[in-house]
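Here are a few friendly notes to read alongside the picture. Take them one at a time and find each spot as you go.

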Amino acid sequence: LLLRFEGRSAEFLDHMATAEAVAPGFGSPPVELTPEDDRWIRREALRRRIELYPSQRVKGLLALAGQTLREDGEDEALKVLAGVRGVPDVELTLAEWDLGAGRSAEAAARAEAVASRVSLPSGLRVRAWSLVARCRDAAEDPEGAVAAANEALRLGPGSPAPYLALASLAERRQDWDTALEHLRRAWGIAPADVQVVLRFAGGADRAGSTADARLALKRAVQLAPDDPRVAAMLVEHYLRWGDYMAA
């Protein structure tokens with residue numbers, strides 16, 4: 001902050017990037033940034049985190065690739081991951097990208113290659129089979145999707161991933177009540193996972209269970225009090241139902 005006050009912008013940004021690298025989201029004291037500076041700091045912090053924590057290199061590269069995907073597109077993001085292709089976590093991320101881009105057959109093949117590796121930890125295989133289920137469903141292969149989801153459930157009955165996959169299958173059939181039951185189980189297994197809670201809130205909304213949706217959104221705000229996106233979802237929910245004072 002002193003460097004910024006003295007007009008030494010390059011040094012100010014350098015220190016901000018290092019601060020964000022070692023303590024993501026710390027933000028104390030709060031600093032107002034231009035969108036350009038904020039983008040540079042976030043990207044540079046991700047790069048520095050990889051250097052600072054070499055034992056978490058793959059995790060860091062995945063975070064940097066995700067940011068690059070959002071800002072610069074898939075081709076540039078793939079360059080970030082060029083040195084770690086074949087790593088199971090990376091392959092599953094690439095399968096997610098394929099699925100998001102509508103390449104469901106390629107996504108299924110990539111995820112199934114990971115799921116079939118029996119030497120991998122069961123948690124990773126559960127995640128892979130759950131992804132295979134979503135890919136098969138998107139490829140209009142409902143039988144394959146159910147088989148993959150059941151395999152995920154067999155390997156990891158205590159993981160939320162199979163139930164999230166089963167919920168996705170039910171949602172594609174517009175069977176909102178069944179989807180909500182699967183999401184309820186996922187939330188019961190992972191009560192502090194914000195993404196699971198938000199998935200439940202969305203499912204409850206679609207199933208017409210307003211009270212459940214509101215409860216889940218309130219819980220998500222409690223779990224992520226500093227995330228404005230989560231708060232905005234609760235505000236939007238209140239507004240939709242005319243609860244303006246709560247909003």
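1. In this predicted model, the face of α9 turned away from its buried side carries two exposed residues, Glu143 and Arg154. Start by finding these two on the helix.

2. Now turn to the buried side of α9, where you will find Ala145, Ala148, Ala149 and Ala152. These residues cover an arc of only 100° around the axis, so they lie on the same side of α9.

3. What covers the buried residues of α9? The cover includes α8 (122-138) and α10 (160-172).

4. As for its length, helix α9 runs over residues 142-155, 14 residues in total. From first C-alpha to last, α9 reaches 20 Å, close to the 20 Å expected at 1.5 Å a residue.

5. Next, look at the loop between α8 and α9, which holds glutamate 140. Its phi is near 60°, a positive value in a residue other than glycine. Is glutamate 140 buried or exposed? Glutamate 140 has a relative accessible area of 62%, and exposed means over 50%, so this residue is exposed.

6. Glutamine 174, in the loop between α10 and α11 (176-189), also has a phi near 60°, positive although the residue is not glycine. At 59% relative accessibility, glutamine 174 counts as exposed.

7. Finally, visit the nonpolar surface patch of about 250 Å² made by Val22, Leu52 and Tyr53. Valine 22 belongs to helix α2 (residues 9-22) and is partly exposed, with a relative accessible area of 46%.

Key. Residues are numbered from 1 along each chain as its sequence is written. This is a predicted model: local features need pLDDT of at least 70, side-chain atom pairs count only at pLDDT 80 or more; totals for chains, interfaces and linings use all residues. Side-chain values use heavy atoms; hydrogens and water are left out. Patches are made of residues with over 30% relative accessible area and no salt bridge: like charges are joined within 9 Å, nonpolar side chains (Val, Leu, Ile, Met, Phe, Trp, Tyr) within 5 Å. Accessible areas come from the Shrake-Rupley method with a 1.4 Å probe; for residues, only the protein chains shown count as cover. A salt bridge is a side-chain nitrogen of Lys or Arg within 4 Å of a carboxyl oxygen of Asp or Glu. Helices (H or I, at least four residues) and strands (E, at least two) are DSSP runs, numbered from the N terminus. Buried means under 20% relative accessible area, exposed over 50%, partly exposed in between (1.4 Å probe, protein chains only). The expected span of a helix is 1.5 Å times one less than its number of residues. The arc is that of the directions from the helix axis to the C-beta atoms. Contact means heavy atoms within 4.5 Å.
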